[in-house]
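This report describes side-chain contacts in one protein model. It takes up aromatic pairs, charged contacts and nonpolar cores in turn.

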Amino acid sequence: MKVQPRQGKPHEPHAGESSTMDAVRLRRVNRWLAQDLGGELADLYVDSRETSAAEAYRSRSRLDFLSRLTGDIRRPGFAMVIAETDHLVGCAFGFPVASDGIWWLGFDGALPQSIEQLTASGGVFAITGILVQPHPQDQDVARRLQERLLSGHQASLGATLVDPGDHPTLASLRSRGWLDMGEVWRPAGPTMFRALVLPLGERTTARLEGLAHDAWTQWPG
């Protein structure tokens, strides 16, 4: 998942945009509207990345993002929430993790029993993307998007995979309560990700109390 916090020069507000983003509105969109917004979402993805990247790299990344988004849209239960002012400023999307647990394929070690149980009960929702336009209040917008997406599915646990070298995203997620579980290896690549989870509600938080304690020592510096 790509979650880009503010980097470099602060975003200059567009005409009609609140300087504190107080006017941001959140809206759920279905898979068909998400497809129609593909170009705008890809622009948002590029805008959320470091502007110093080479043009060719940004172009490839844009195409890669659209390819991944198309794959996610086809997933059962796909959902998206967008953030708007007078234009698109953010989005979060994902899908429910199937009860067969295949989403955890490649997890390094034994999957915690509490995670297995929550997965089997259909209580886990995978967030595969949170994008926010660079702005001093981008973390608040990201938090609101995350909460709205998960609450709409009555999930007990959020889950995501992050490139271990993406330290800004890891730090951003940690600041919003996500816990590091360990490594997941995907066969296509080969690619290694950090698996993170976000407990929702007191009961789930209590079940993951040990994981929460371990997260402070497992988290990469």
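Are Phe-78 and Phe-93 buried or exposed? Phe-78 is buried, and Phe-93 is buried as well; buried means under 20% relative accessible area, exposed over 50%, and partly exposed in between, with a 1.4 Å probe and protein chains only.

## Basis of the description

The model is predicted: local features need pLDDT of at least 70, and side-chain atom pairs count only at pLDDT 80 or more, whereas totals for chains, interfaces and linings use all residues. Residues are numbered from 1 along each chain as its sequence is written, and side-chain values use heavy atoms, with hydrogens and water left out.

## Aromatic pairs

Rings of Phe, Tyr and Trp (its six-membered ring) pair if their centres lie within 6.5 Å; planes under 30 degrees apart count as stacked, over 60 as edge-to-face and the rest as tilted. By this rule there are four aromatic pairs. One of them is the stacked pair of Tyr-45 and Phe-65, with 4.7 Å from centre to centre and 10 degrees between the planes. Because Tyr-45 belongs to helix H2 (residues 38-47) and Phe-65 to helix H3 (residues 55-73), this pair ties together parts that are 20 residues apart in sequence. Helices (H or I, at least four residues) and strands (E, at least two) are DSSP runs, numbered from the N terminus. Tyr-45 is buried, at 5% relative accessible area, and Phe-65 is also buried, at 4%.

Phe-78 and Phe-93 form a tilted pair, 6.4 Å centre to centre with 45 degrees between the planes. Phe-78 lies in the loop between H3 and strand E2 (79-84) and Phe-93 in strand E3 (residues 88-96), so the pair connects parts 15 residues apart in sequence. Tyr-45, Phe-65, Phe-78 and Phe-93 together form one aromatic cluster.

## Charged contacts

The structure holds four salt bridges, a salt bridge being a side-chain nitrogen of Lys or Arg within 4 Å of a carboxyl oxygen of Asp or Glu. In one of them, Glu-84 meets Arg-27, and their closest N and O atoms are 3.0 Å apart. Since Glu-84 lies in strand E2 and Arg-27 in strand E1 (residues 25-29), the bridge ties together parts that are 57 residues apart in sequence. Glu-84 is buried, at 17%, while Arg-27 is partly exposed, at 34% relative accessibility.

Asp-43 and Arg-62 form a salt bridge with closest N and O atoms 2.8 Å apart; Asp-43 lies in H2 and Arg-62 in H3, so the bridge ties together these two helices. Arg-194 forms a salt bridge with Asp-180, also with a closest N and O distance of 2.8 Å. Both Arg-194 and Asp-180 are buried, and a network of salt bridges links Asp-180, Glu-183 and Arg-194.

## Nonpolar cores

A nonpolar core is a set of buried Ala, Val, Leu, Ile, Met, Phe, Trp, Tyr and Cys residues joined through side-chain atoms within 4.5 Å. The largest core has 23 residues, and those with the most contacts inside it are Ala-83, Phe-125, Ile-127, Leu-145 and Leu-149. At least two residues of this core come from each of E2, E3, strand E4 (124-132), helix H5 (138-151), helix H6 (167-175) and E7. H5 supplies the largest share, five residues. A second, separate core of 19 residues includes Leu-118, Val-124, Leu-179 and Met-181.
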